[in-house]
Amino acid sequence: MWLSKRALETLSQNIRRIVDGESVDLLDNREGPLSILRNDIQTLVRMKQEQADALRHDKERLKDSLSDISHQLKTPLTSMMVMADLLETAPPEKHAELVRNLQTGLTRTQWLTDALLKMAKLDADAVAFNVRKADAREIVARALEPLNILLEMKGQDVRTAGEAELTCDVRWTAEALGNVIKNASEHSPAGKPILIACGENPIAAWISVTDSGEGLKPGQIARLFRRFQGDGTAGYGIGLPLAQTILRGQNGDIEVDGSGLPPHVAELTDEEYSGATFTLKLYR
Amino acid sequence: MKILQVEGLTKVYGKGDAQVKALDNVSFSVEKGEFIAVVGASGSGKSTLMHLIGGVDRPTTGKVQVDGKDIFTMNESNLAIFRRRNIGLIYQFYNLIPTLTAEENISLPYLLDRRRPNPEKLLEILGLLALTDRRTHLPGQLSGGQQQRVSIGRALINDPAVILADEPTGNLDSRKSRSIMELFKMFNRQYNQTLLIITHDEKIALQADRILTLEDGRILRDEAVRA
């Protein structure tokens with residue numbers, strides 16, 4: 001093999017220019033090892049640039065999320081301060097109501113700070129997932145535990161279908177699933193059922209939640225997982241983004257089918273559901 | 001980081017009265033790691049768009065930049081080499097080489113440069129595509145779904161800047177289509193692989209992050225499906 005000294009020198013100069021931050025096209029797209037080397041270097045440069053971009057993107061997101069968080073916390077705090085002021089001057093018969101309002105505010109703030117801290121931990125990769133094999137039923141039961149009263153109050157029956165074994169962190173996955181079920185409950189009318197199905201295929205094991213609501217349009221689906229952009233009717237836009245972060249952290253994802261049961265769920269039930277289906281997937 | 005930029009792309013076939021504008025001033029850009037579906041009825045220009053981005057055909061006017069490189073400034077042979085090293089192509093009818101095994105077909109982009117892929121990477125991809133026990137089979141001994149998975153492996157093996165798939169599930173039943181889409185989504189997430197899928201099937205398109213709708217050679221809509 002013969003390589004010209006000049007070609008090598010030019011290549012090395014060009015690499016130097018890239019190191020110094022210039023954008024240089026290394027490719028000459030010919031046959032032969034030198035051209036392949038050029039391509040390999042170009043691929044490496046592209047990967048490095050991608051990493052740098054991801055880092056910058058993360059930083060921007062952190063900045064946004066900090067200002068979102070402070071806004072999210074300020075609103076309930078301000079209203080509680082007003083309530084406390086009122087409590088000082090209000091006649092005694094009003095006290096019970098004001099204290100109840102204060103308590104509601106505190107509970108919500110507590111939930112909020114909890115969720116925000118979890119999200120921050122996940123973002124910072126400071127969560128060590130305790131991965132093991134678990135029956136889907138165990139995860140579903142755990143997710144339903146804090147929600148049973150809510151579901152009973154709304155008369156929403158939870159139906160289940162299918163079976164699966166998932167390799168995941170049970171506690172975190174149940175947390176994610178719980179947020180998705182809570183969302184399903186909020187968007188289903190009272191007295192209508194919610195379907196929780198699960199299954200496995202060669203690519204992933206999954207648990208899905210289908211509600212009896214009105215379904216979702218593509219544009220709405222795009223907004224679901226953006227933080228602090230809830231639809232204004234329920235929640236703060238934290239539950240679903242948190243669930244997505246948890247799944248992605250474990251090499252999984254959440255898929256949404258806006259209306260009509262997707263095939264993987266439809267084959268497990270004869271019933272009809274009007275609403276959207278959220279599928280939590282964990283890749284193998 | 002913009003991995004693909006399409007600027008004012010126009011393609012006119014024929015002359016005079018018989019002139020047909022297959023693509024009419026189409027512009028859009030794609031960020032690294034995006035998963036995009038291009039939809040439209042037949043005749044809307046989506047296949048023409050795919051051929052131009054893939055550098056298989058040349059436009060009447062307009063530019064396509066892949067990873068910052070204006071691909072139409074290259075001559076045919078340079079473009080062919082650029083394409084096989086930087087663009088992964090997946091077709092409806094697989095286009096596998098019948099005399100090469102599944103493993104060799106996947107390795108093809110490397111074999112053409114007289115080298116071999118990293119054995120670990122090859123094994124990983126065979127595993128993800130569930131082809132490990134079919135690696136020494138010839139295409140004729142594989143089912144349609146398996147052949148399509150081989151062609152996906154071939155598109156992925158050398159970390160191309162972008163993968164273009166033209167009706168990748170057009171020849172498969174709905175169940176197999178779904179599992180092929182699952183694979184695309186997994187590769188998109190796992191390797192931050194940029195994907196552009198052309199399809200006439202709305203359901204398939206809804207699996208992507210962003211949908212471009214073409215009509216009469218123009219972009220009718222460009223909308224995000226998920227964040």
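Predicted model: local features only at pLDDT ≥ 70, side-chain atom pairs only at ≥ 80, totals over all residues.
Residues are numbered from 1 along each chain as its sequence is written.

**Overall build**
- Chain B has seven helices and 10 strands (DSSP runs numbered from the N terminus: H or I of at least four residues for helices, E of at least two for strands).
- Its radius of gyration is 17 Å, close to the 17 Å that the globule rule gives for 227 residues, so chain B is as compact as a globular protein of that length (taken over C-alpha atoms; the rule is 2.2 Å times the number of residues to the power 0.38).
- Along the principal axes, the C-alpha atoms of chain B fill a box of roughly 55 × 40 × 35 Å.

**Inside and contacts**
- Of the 227 residues in chain B, 59% are buried (buried is under 20% relative accessible area, exposed over 50%, partly exposed in between, with a 1.4 Å probe and protein chains only).
- Take the chain B contacts between residues at least 6 apart in sequence: 68% of them join residues at least 24 apart (contact means heavy atoms within 4.5 Å).

- B:Asn25 sits in strand 2 (residues 20–31), has phi near 55 degrees, and is exposed at 53% relative accessible area.
- B:Asn192 lies in the loop between helix 6 (174–190) and strand 8 (195–199); its phi is near 50 degrees, and at 29% relative accessibility B:Asn192 is partly exposed.

Methods:
Chains lettered and ligands numbered in written order. Heavy atoms only, no water.
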